[in-house]
Amino acid sequence: MRRLIAGALLLAGFAMRGNAQTTVLPVATPQTGEVTVTLVTFALGPEVFERFGHNALWFHDNTTGQDVAYHWGLFSFNEPNFLARFLSGDNHYWMGREDPRGLIDRERRSGRTATLQRLNLTPEQAHSLHEFVLWNERPENRFYRYDYFADNCSTRLRDAIDRAVGGAIKRATDTVHTALSYRRESIRLTDGDRPVQLGIDIALGRPADAPLTAWQSFFIPMRLRDAIRTVKIPDENGALVPLVAEEQQVAQATGTTAIEEQGRAPRLALRYFVLGVLLALLVGSLTFLMPMRSATWGLAFFGAGWSLISGILGVILLLAWLFTKHVFWAGNENVLLFTPLALFLAALYPAALLSGKAVRAAQMIAGLLVVAAFVAACLALMPGGQENRAIVALMLPVQFALYVGLRSAMPRGTRAA
């Protein structure tokens, strides 16, 4: 349960990128001479907040020999009102600098590989990009409201490079439609950590299912890394040249294990349906074993616990939809599966089974939850519906089994209140 909620909170903007640090190394400001620019992309890391990759821009001043890396993934727990901003979706992140070799070495030791792509920029383009990041680093410019999909450390870096090359990246990719979505990308990158994956799938609403252009997919640093290999930009004479002049990889440190990036999002519906059916069979078995007192207590405990968790998640989803800036939590049809109404059933289910009290009320609420889950299933099957079939497949069998258990497993001699 803790990691399930962690997955949902991950989408509240908390440490989406693996290099969100609370401190940075002091580095001398490079002079504005001729510079070489390298895009550094870090692959997946073992921690939850490292599963979406990270990137930075490495500037090497060819005149002074100074090196500095800039990235847009900095935040601090000590920022005033951090918790309130975190919960409301008004997270303050900022861009800053680090020593590039120290940054790469730290990530290597955590098990992450790094890809270095030297950009084939003209002196004017490199100078423009350098001047922009120096301007962006000023105290009055460095802060921004972090959005885990639409405005994060990778999209900020993407926009900075694109600005320097006159919009060449956006022109080449913004009209390229893909089969990707924010949900699918999030599910893909968290595969292997199933509680977190489940939490993300529950938290995301319909806006996260819109098909992405290649340009939008660059909220994932690895997508940007792969795409710019084929992008061409004008050189000093106006001829088109590859954006990437040279590429090399820096492997993770010896003794560490790299997290493999999956090529596509897994199909979760069958996996969750099997789990939902198994849980429904458990409820059915307890129902069949009635009127054994131990079975009654087991069914009452399961029904109360399941309903309590569902109700709490429903409250979270509803509050996030209506009262926060979490755009991609809005329009979430999972509120039909996790509804605050379930909190009443958490109290009424054991009362009905164990003492025969409030039976009709419990049956009515359990029936409404089944109807709501069925409506969610119908919406999920409609063309263009929310991609929550996996969550429906998990919840509907259990909700139905709990309703049947409540209808057929009443202690003998009790009367509906």
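At what angle do helix α12 and helix α13 pack, and how far apart are their axes? This is a predicted model, in which local features need pLDDT of at least 70, side-chain atom pairs count only at pLDDT 80 or more, and totals for chains, interfaces and linings use all residues. Residues are numbered from 1 along each chain as its sequence is written, and side-chain values use heavy atoms, with hydrogens and water left out.

**View A. Helices α12 and α13 pack at about 135 degrees.** Their axes lie 9 Å apart. Helix α12 covers residues 342-355, and helix α13 covers residues 359-381. Helices are DSSP runs (H or I, at least four residues), numbered from the N terminus. Axes are lines fitted to C-alpha atoms over the stretch in contact, and angles run from 0 to 180 degrees between N-to-C directions. That angle makes α12 oblique to α13. Oblique is what remains after roughly parallel (under 35 degrees), roughly antiparallel (over 145) and roughly perpendicular (65 to 115). The crossing of α12 and α13 is left-handed; in such a crossing the near helix is turned anticlockwise from the far one by less than a right angle, and clockwise in a right-handed one. From α12, Ala 342, Phe 344, Leu 345, Leu 348 and Ala 352 meet Val 359, Ala 361, Ala 362, Ile 365, Ala 366 and Leu 369 of α13. Contact means heavy atoms within 4.5 Å. By class, this contact has eleven nonpolar residues, no polar and no charged. Nonpolar covers Ala, Val, Leu, Ile, Met, Phe, Trp, Tyr, Cys and Pro; charged covers Asp, Glu, Lys and Arg; the others, Gly among them, are polar.

**View B. Ala 358 sits in the loop between α12 and α13.** Ala 358 is not a glycine, yet its phi is positive, at about 55 degrees.

**View C. Helices α4 and α5 pack at about 140 degrees.** Helix α4 spans residues 123-136 and helix α5 spans residues 153-164, with axes 8 Å apart. The two are therefore oblique to each other. Their crossing is right-handed. Gln 125, Ser 128, Leu 129 and Phe 132 of α4 make the contact with Ala 160, Ile 161, Arg 163 and Ala 164 of α5. Five of these residues are nonpolar, two polar and one charged.

**View D. Helices α10 and α11 cross at roughly 145 degrees.** Their axes come within 8 Å. The crossing is left-handed. Leu 279, Leu 282, Val 283, Leu 286 and Thr 287 in α10 meet Ala 295, Gly 298, Leu 299, Phe 302 and Trp 306 in α11. That contact has eight nonpolar, two polar and no charged residues.

**View E. Pro 291 lies in the loop between α10 (269-288) and α11 (293-323).** The peptide bond from Met 290 to Pro 291 is cis, with omega near 5 degrees.

**View F. The largest pocket has a volume of about 560 Å³.** A pocket is an open set of points on a 1 Å grid over the protein atoms alone, where a 1.4 Å probe fits, with protein on both sides within 12 Å along at least five of seven lines; lining residues have an atom within 4 Å of a point. Grid points are joined across faces, edges and corners, and the volume is the space filled by probe spheres set on the points. Of the 26 lining residues, Arg 184, Ala 265, Pro 266, Arg 267 and Glu 387 are the closest to the pocket centre. Helix α7 (182-189) supplies the largest share of the lining, five residues. The lining divides into eleven nonpolar, five polar and ten charged residues.
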